[in-house]
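First I want to see it, then I'll jot down what I look up.

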Amino acid sequence: MALDNLISISFTAEELNKLDQALQTLETVLSGKTINLTPEERQQYGSIAEQNKLFVNKVKTYMEQYPQYVPNFLDKAEFDKDYLGREQVE
């Protein structure tokens, strides 16, 4: 069996209008909540891969179980805010 033409798609004008409206809504909601990183900043900060997510989840669990061991240089409130934001976006 050949795997030719797996994706054949076309949109009506109405569908394109709905897509444009949805994208505009996303841009409005995200405005002021996101920043654009330069390629150098992307390299510097990296991203959270699936294995790292497991590590971050374990760290969060430990910080909640043993708050006395959370280092002073770590802003726990900001960590929790970032963690919740990541969960909401996924």
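Before I start on what covers what, I note that contact here means heavy atoms within 4.5 Å. I also keep in mind that this is a predicted model.

**Entry: helix α3.** I began with α3, which runs over residues 50-65. Its 16 residues reach 23 Å from the first C-alpha to the last, close to the 22 Å expected. Which residues of α3 are buried? I found K53, V56, K60 and M63. Looking down the axis of α3, I see these buried residues fall within an arc of 85°, so they line one face of the helix. On the other side, Q51, L54 and F55 are exposed. I then checked what covers the buried residues of α3, and the cover includes α4 (76-89).

**Entry: R86.** This one sits in helix α4. I looked up its relative accessible area and got 16%, so R86 is buried. Leaving out residues up to four places away in sequence, R86 touches I48, K53, V56 and N57.

**Entry: salt bridges.** How many salt bridges are there? The count comes to 7. I looked at some of them.

- E50 and K53 meet through their side chains, at 3.1 Å from N to O. Both lie in α3, 3 residues apart, which is about one turn of the helix. Still, E50 is exposed at 57% relative accessible area, whereas K53 counts as buried at 16%.
- K53 also forms a salt bridge with E90, the closest N and O atoms being 2.7 Å apart. K53 lies in α3 and E90 in the segment after α4, so the pair ties together parts that are 37 residues apart in sequence. E90 counts as exposed, at 56%.
- D80 pairs with K60, and their closest N and O atoms are 3.3 Å apart. D80 is in α4 and K60 in α3, so this pair joins parts 20 residues apart in sequence. D80 is partly exposed at 25%, while K60 is buried at 14%.

I also noted a network of salt bridges that links E50, K53, R86 and E90.

Entry: Helix α1 covers residues 13-30, and its end C-alpha atoms are 26 Å apart, which agrees with the span its 18 residues should have. Just after α1, G32 takes a positive phi of about 85°. I then found a nonpolar patch on the surface, formed by L6, I7, I9, F11, L16 and L19, with about 660 Å² of accessible area together. L19 belongs to α1 and is partly exposed, at 40%.

Definitions and conventions
Residues are numbered from 1 along each chain as its sequence is written. This is a predicted model: local features need pLDDT of at least 70, side-chain atom pairs count only at pLDDT 80 or more; totals for chains, interfaces and linings use all residues. Side-chain values use heavy atoms; hydrogens and water are left out. Helices (H or I, at least four residues) and strands (E, at least two) are DSSP runs, numbered from the N terminus. The expected span of a helix is 1.5 Å times one less than its number of residues. Buried means under 20% relative accessible area, exposed over 50%, partly exposed in between (1.4 Å probe, protein chains only). The arc is that of the directions from the helix axis to the C-beta atoms. Patches are made of residues with over 30% relative accessible area and no salt bridge: like charges are joined within 9 Å, nonpolar side chains (Val, Leu, Ile, Met, Phe, Trp, Tyr) within 5 Å. Accessible areas come from the Shrake-Rupley method with a 1.4 Å probe; for residues, only the protein chains shown count as cover. A salt bridge is a side-chain nitrogen of Lys or Arg within 4 Å of a carboxyl oxygen of Asp or Glu.
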